[in-house]
Amino acid sequence: SSGINAEWPLRPGGHCLPCLRSTFTEVYCTCGKTKLDPPVACGTPRPKCNELCSRDHPCDHPVGHACHYEESCPPCAYLVNRMCMGGHQIRRHIPCHVTEPSCGDVCGKVLSCDSALIPLL
């Protein structure tokens, strides 16, 4: 027994019976386009929505993921060209969320911790 609903009888195996409460209001997904009509039993998962995510995103690339309940969106995987972190060359087909790609050359760039020059690859 979890002790949460100690007044309820236990099922065989020791698990509590399901909650018998319901809500009589509509339950919506994050974007508000998909809903469950009442009554909605306690413990029912929120509705799955297949609409594109409508949250604000840090870039202007097309959104490639559906409406979701996670606090943050998945990183943008749109492929872009970016200068390598040492400023040596443009790297092609880098996912948008990778802001400092490596070109593979030894760099000699000073790290932000002001330590000695450490070769970056």
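Modeller: Let us begin with lysine 35, which is partly exposed, with a relative accessible area of 39%. This is a predicted model, in which local features need pLDDT of at least 70 and side-chain atom pairs count only at pLDDT 80 or more, while totals for chains, interfaces and linings use all residues. Residues are numbered from 1 along each chain as its sequence is written, and side-chain values use heavy atoms, with hydrogens and water left out.

Colleague: Why is lysine 35 called partly exposed?

Modeller: The term buried is kept for residues under 20% relative accessible area and exposed for those over 50%, with partly exposed in between, using a 1.4 Å probe and protein chains only. Lysine 35 has 39%, so it is partly exposed, and glutamate 26, at 35%, therefore counts as partly exposed as well.

Colleague: What makes the contact between glutamate 26 and lysine 35 a salt bridge?

Modeller: A salt bridge requires a side-chain nitrogen of Lys or Arg within 4 Å of a carboxyl oxygen of Asp or Glu. Between the side chains of glutamate 26 and lysine 35 the N to O distance is 2.8 Å, so the pair meets the definition. Lysine 35 also forms a salt bridge with aspartate 37, where the closest N and O atoms are 3.4 Å apart.

Colleague: How confident is the predictor, in terms of pLDDT, across the protein?

Modeller: The pLDDT, which is the predictor's confidence in each residue from 0 to 100, averages 83 over the protein, and 76% of the residues score at least 70. Over residues 1-6 the pLDDT is below 50, and beyond near neighbours in sequence this stretch has four contacts in the model, a contact meaning heavy atoms within 4.5 Å.

Colleague: Is cysteine 59 buried or exposed?

Modeller: Cysteine 59 has 18% relative accessibility, and because this is under 20% it counts as buried. Cysteine 19, in contrast, is at 34% and therefore counts as partly exposed.

Colleague: What makes histidine 65 and histidine 68 buried?

Modeller: Histidine 65 has a relative accessible area of 16% and histidine 68 one of 8%, so both values fall under the 20% limit. Histidine 65 is found in the loop between E4 and E5, and histidine 68 lies in the loop between E4 and E5 too; strands (E, at least two residues) and helices (H or I, at least four) are DSSP runs numbered from the N terminus. Leaving aside residues up to four places away in sequence, histidine 65 touches Leu52, Cys53, His57, Cys73 and Pro74, while histidine 68 is in contact with Thr30, Cys53, Arg55, Cys73 and Pro74.

Colleague: How do you know that histidine 65 and histidine 57 make a polar contact?

Modeller: A polar contact is a pair of N or O atoms within 3.5 Å; within protein, one must be able to donate a hydrogen and the other to accept it, and residues adjacent in sequence count only if both atoms are side-chain atoms. The side chains of histidine 65 and histidine 57 are joined at 3.4 Å, so the distance is within the limit.

Colleague: Why are E5 and E6 said to pair?

Modeller: Two strands pair if DSSP finds at least two bridges between them, and E5 and E6 have four bridges in the antiparallel sense, so they qualify. Arginine 82 stands opposite arginine 91 in E6. The two strands form a hairpin with six residues between them, and glycine 87 in the turn has a positive phi of about 75 degrees.
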